Amino acid sequence: MSEPHAPVPPSVPGSHCSRCGAPYGDHVSGWPRACPACGTVAYRNPLPVAVALQPVYDTRGTGLVVITRTVEPARGGVALPGGFVDDREDWRHAVVRELGEETRIEAASRDVRLADAMSSPDGHLLLFGLLPERPADDLPPFTATDETGARDLLRHPEELAFPLHTLAARAWFEGRYT
């Protein structure tokens, strides 16, 4: 006859790394948090992603602001500015926050309009926020950030670093977000 095993205490949600299983311990609090064992950064709610569709015009026409990524995933790829919606953050605020963080372009969250919502195969919900068109001459100078190495204008639909960014950019160029 085998000896009885001590009951395993239930795990508290968010108390262990979702990648390696190591406990965060008492010294790690708040969100986002980094795993002390493997370094993976965890967010309290990593699913919603806010993506900016910022049309800009100049003498060559109108295009969408894109960035070149310097971080994974898709390091070196061209993408629309965007990122995770923070805990308890309005998605429209996340759109303008990410636009500002990645491009230095400031905008008002009240001007963001929902252009599209798409779900990726890995379970992320992407909310594409359309901002009013603005002149290129009014854009601030670009300086590289921890996440972006360049800012440019996408002049026609092309393959971007993320498939849903490609779909949204194509839809914008086709006039489906007017």
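1. The helix α1 (91-103) supplies 4 residues to the lining of the largest pocket, the largest share. Here helices (H or I, at least four residues) and strands (E, at least two) are DSSP runs, numbered from the N terminus. The model is a predicted one, in which local features need pLDDT of at least 70 and side-chain atom pairs count only at pLDDT 80 or more, while totals for chains, interfaces and linings use all residues. Residues are numbered from 1 along each chain as its sequence is written, and side-chain values use heavy atoms, with hydrogens and water left out.

2. The volume of the largest pocket is about 1100 Å³, a volume being the space filled by probe spheres set on grid points that are joined across faces, edges and corners. A pocket is an open set of points on a 1 Å grid over the protein atoms alone, where a 1.4 Å probe fits, with protein on both sides within 12 Å along at least five of seven lines; lining residues have an atom within 4 Å of a point. There are 34 lining residues, and Arg69, Glu72, Pro73, Gly83 and Phe84 lie nearest the centre. By class, 17 are nonpolar, 7 polar and 10 charged. In this classification Ala, Val, Leu, Ile, Met, Phe, Trp, Tyr, Cys and Pro count as nonpolar, Asp, Glu, Lys and Arg as charged, and the others, Gly among them, as polar.

3. Strand β5 (residues 61-69) pairs in the antiparallel sense with β4 (residues 55-58) over 4 bridges; two strands pair if DSSP finds at least two bridges between them. The hairpin of β4 and β5 has 2 residues between the strands, and Asp58 stands opposite Gly61. Strand β5 also pairs in the antiparallel sense with β11 (residues 148-154), over 6 bridges, where Ile67 has Arg151 as its bridge partner.

4. Strand β9 is joined to β3 by 6 bridges, and these two run parallel; Leu53 is there the bridge partner of Leu130. With β8, strand β9 pairs in the antiparallel sense, again over 6 bridges, and Asp116 has Phe128 as its partner. In β9, 5 of the 6 residues are buried, that is, under 20% relative accessible area, with exposed meaning over 50% and partly exposed in between (1.4 Å probe, protein chains only).

5. Which residues of the largest nonpolar core touch the most other members? They are Leu53, Leu64, Leu80, Phe128 and Tyr177, out of 19 residues. A nonpolar core is a set of buried Ala, Val, Leu, Ile, Met, Phe, Trp, Tyr and Cys residues joined through side-chain atoms within 4.5 Å. Helix α2 (163-173) is among the elements that each supply at least two residues of this core, and its 5 residues are the largest share. Apart from this core lies another, of 16 residues, including Val65 and Trp91.

6. Is Glu133 buried or partly exposed? Glu133 counts as partly exposed because its relative accessibility is 47%. Glu133 lies in the loop between β9 and β10 (134-135). Not counting residues up to four places away in sequence, Glu133 touches Gln54, Pro55, Tyr57 and Thr62, contact meaning heavy atoms within 4.5 Å. The C-alpha atoms of Glu133 and Thr62 are separated by 8.4 Å, although the two residues are 71 residues apart along the chain.
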